[in-house]
Amino acid sequence: MTAEILGLDGTKEEVKSFINFMQREDKDYKSPAETARRFRIFRANMKKAAFLQKHEQGTATYGASMFADLTTEEFKKYLGFKVNPEQSIHRKMAIIPNITLPKEFDWRNYNVVTTVKNQGMCGSCWAFSVTGNIEGLWALQNKELLSLSEQDAYKLAFSDGRLETNTNRFFFFSELVDCDTFDKGCLGGDFDTAYRAIEFIGGLETETDYPYKGWSDRCHFNKSEIKVSISGAYNVSHDEEDIAKYLVANGPISVAVNANAMQFYMGGVSHPLKFLCSPNNLDHAVLIVGYGVHRTRFTHKNLPYWLIKNSWGTRWGNKVSCAFI
């Protein structure tokens with residue numbers, strides 16, 4: 001492929017980068033006009049990625065990720081964390097254990113974190129985060145890792161309830177997106193209301209009985225097929241040392257993040273400029289599975305970072321999880 005054949009108007013380097021991106025991501029746009037439009041979006045996005053890279057304070061790299069040809073509005077379809085004030089719930093605050101924290105910690109080493117899943121172009125990140133939390137809790141209590149699905153069934157919330165199951169086999173649960181009437185399916189949701197929905201409907205089915213589709217559908221929940229239920233949830237302190245203590249003592253935690261820098265993230269410890277990570281614009285739900293320490297780029301300080309499990313499949317980030325300050 002060449003710039004002339006594709007009808008692209010840009011520098012040789014820009015066109016080469018775009019063609020490499022198309023080939024790697026197996027892109028096949030429907031028309032020459034659409035190809036040209038995606039190239040313009042890609043070119044503008046690479047300038048944003050270059051800005052992030054120039055000012056990156058950690059070790060992250062930014063570039064032509066799987067979302068490199070999407071506008072900001074299109075990228076938002078892969079997010080989905082939205083707080084609904086009308087459905088807000090007053091949860092008890094979790095008791096923070098008085099423990100000495102290890103320098104680094106990773107729940108993936110203890111068989112309580114399932115493989116990376118993919119929410120697709122559906123704003124259901126909140127459901128993936130919540131089920132990831134419950135997966136960890138179930139694995140710690142029952143010494144067996146189940147993979148819970150999300151069609152069925154922050155603020156920092158952590159499920160504390162007793163989980164009940166009638167078998168020790170692997171399960172996949174998936175009714176949150178359809179049956180949670182407190183949230184909005186692929187249009188977004190919140191942790192507190194997701195836990196409330198699981199309590200309200202009685203629990204979660206297996207993915208075999210209720211597979212994840214990547215879009216909202218009519219609820220066809222069957223109460224007789226419930227395999228896991230919860231009895232409540234806690235809010236966790238926003239103090240990061242408290243979060244780390246609760247994480248080590250209790251398992252992975254559902255959290256919301258500002259996804260500003262995530263569209264072009266390729267790997268490493270991400271530490272963008274502070275104004276790009278405003279806590280007033282939390283728009284994506286992930287799962288904290290651990291933490292570590294790294295040396296900053298400019299100040300050469302040793303600072304902690306969080307290990308997070310995302311829900312965009314293995315083509316994004318570090319395959320299993322990613323690190324963010």
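Helices (H or I, at least four residues) and strands (E, at least two) are DSSP runs, numbered from the N terminus. The model is predicted, and local features need pLDDT of at least 70, while side-chain atom pairs count only at pLDDT 80 or more. Residues are numbered from 1 along each chain as its sequence is written, and side-chain values use heavy atoms, without hydrogens and water.

**Exercise 1.** Determine where S311 lies and whether S311 is buried or exposed.

*Solution.* Step 1: S311 belongs to the loop between β9 (302-309) and β10 (322-324). Step 2: its relative accessibility is 4%, so S311 counts as buried (under 20% relative accessible area; exposed is over 50%, partly exposed in between; 1.4 Å probe, protein chains only).

**Exercise 2.** Identify the residues with which S311 is in contact, leaving aside neighbours within four places in sequence.

*Solution.* Contact means heavy atoms within 4.5 Å. On that basis S311 touches K117, N118, Q119, C125, F128 and H284.

**Exercise 3.** Classify the aromatic pair of F18 and Y29, and state which parts the pair ties together.

*Solution.* Step 1: rings of Phe, Tyr and Trp (its six-membered ring) pair if their centres lie within 6.5 Å; planes under 30 degrees apart are stacked, over 60 edge-to-face, the rest tilted. Step 2: the count is 16 aromatic pairs. Step 3: F18 and Y29 are 6.2 Å apart centre to centre, with 0° between the planes, and are stacked. Step 4: F18 lies in helix α2 (residues 12-24) and Y29 in the loop between α2 and α3 (32-55), so the pair ties together parts 11 residues apart in sequence.
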